[in-house]
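Good morning, and thank you for coming.

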Amino acid sequence: MTSVMWFRRDLRLADNPALLEAVADGDVLPLFVLDPRLWGTSGASRKAYLGDSLRSLHGLLRERAGGEGGLQVVRGDPVRRVVLAAREVGATRVHVAADFGPYGADRDRAVERALAEHDIELVRTGSPYAVAPGR
């Protein structure tokens, strides 16, 4: 079975609980969505840092896959783009690290509802924080 690993804040391969869960499903499509709502308000330094981080993650993923694949980076509304990516690869699950911020939590609920319309599950595992809020 193929699943989607939707990277957001947590752009690491080592010790990434959501990625480990995705890999346990079988083949994984690594995905990052450039959300115009977040990208448009970011300064030049933040954009440069994110670009460097995404290129590094892409390279590491290609290296581990023997030169194949890598990170798929798309731009647009996360609700639409995550659903499209999951449907393109026939995924039944999309894995993420839980987001506790107001915008992120609302976005994730909207993505979860849209995925559910296609019988695709949003699986939240871990968080980008050492200790998740509320624990």
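A salt bridge here is a side-chain nitrogen of Lys or Arg within 4 Å of a carboxyl oxygen of Asp or Glu. The model is predicted: local features need pLDDT of at least 70, side-chain atom pairs count only at pLDDT 80 or more, and totals for chains, interfaces and linings use all residues. Residues are numbered from 1 along each chain as its sequence is written, and side-chain values use heavy atoms, with hydrogens and water left out.

Arg107 and Asp108 form a salt bridge, with 3.1 Å between the closest N and O atoms. Both Arg107 and Asp108 are buried, where buried means under 20% relative accessible area, exposed over 50%, and partly exposed in between, for a 1.4 Å probe and protein chains only. Through salt bridges that share partners, Arg8, Arg9, Asp99, Arg107 and Asp108 are joined into one network.

In total, the structure holds 11 salt bridges. One of them pairs Arg9 with Asp99, the closest N and O atoms lying 4.0 Å apart. This pair links distant parts of the chain, 90 residues apart: Arg9 is in the loop between strand E1 (2-7) and helix H1 (17-25), and Asp99 in the loop between strand E4 (93-96) and helix H5 (102-116). Helices (H or I, at least four residues) and strands (E, at least two) are DSSP runs, numbered from the N terminus. Are these two partners buried or exposed? Arg9 is exposed, at 54% relative accessible area, whereas Asp99 counts as buried at 13%.

Let us turn to the pockets. On a 1 Å grid over the protein atoms alone, a pocket is an open set of points where a 1.4 Å probe fits, with protein on both sides within 12 Å along at least five of seven lines; lining residues have an atom within 4 Å of a point.

The largest pocket is lined by 24 residues, and Arg8, Arg9, Phe32, Leu38 and Arg46 lie nearest its centre. Two or more lining residues come from each of E1, strand E2 (27-34), helix H2 (36-39), helix H3 (44-64) and H5. Which element gives the most to this lining? H3 does, with 5 residues.

The second largest pocket has a lining that includes Phe7, Leu13, Arg64 and Glu68. H1, E2 and H3 are the elements that give two or more residues to that lining.
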